[in-house]
Amino acid sequence: MSKICELTGKKAMIGNRVSHANNKKKRRFNINLCKKRFFLTKEKKWITLKICTSTVKLINKIGIEKVLKRFKYKIN
């Protein structure tokens, strides 16, 4: 199960874990993903998306149809 946002394409970043003695070790900064269902009023059907929480905030702000159009998401 890949940790990638289906709309924005955001994925984990790689950085360093730095100790007090300035030792560096590789680590991952994972994104905050959640599975969410949305109802499309024009097509009268539900879709399930695995998206990051920042995208959920955007959907709450401007609506699901505009977000799908902005990121060119194809609906089956």
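1. The protein chain exposes about 6300 Å² of surface, and 52% of that area is supplied by carbon and sulfur atoms. As a caution for a reader new to this structure, the model is a predicted one.

2. On the matter of burial, 21% of the 76 residues of the protein chain count as buried, where buried stands for a relative accessible area under 20%.

3. The secondary structure of the protein chain comprises 4 strands and 2 helices, and, read from the N terminus on, these elements follow the order β-β-β-β-α-α. The protein chain is more spread out than a compact globule, because its radius of gyration is 17 Å, well over the 11 Å that the globule rule gives for 76 residues.

4. The extent of the protein chain can also be given as a box: taken along the principal axes, the C-alpha atoms fill roughly 60 × 25 × 20 Å.

5. Turning to contacts, if one considers those in the protein chain between residues at least 6 apart in sequence, 38% of them join residues that are at least 24 apart.

6. When its neighbours within four places in sequence are left aside, T55 is in contact with C5, L7 and T8.

Methods: Residues numbered from 1 in each chain as written. Predicted model: local features only at pLDDT ≥ 70, side-chain atom pairs only at ≥ 80, totals over all residues. Heavy atoms only, no water. Rg over C-alpha atoms; globule rule 2.2 N^0.38 Å. Buried < 20%, exposed > 50% of the residue type's maximum accessible area, 1.4 Å probe, protein only. Contact = heavy atoms within 4.5 Å. Areas by Shrake-Rupley, 256 points an atom, 1.4 Å probe, with all protein chains shown as cover.
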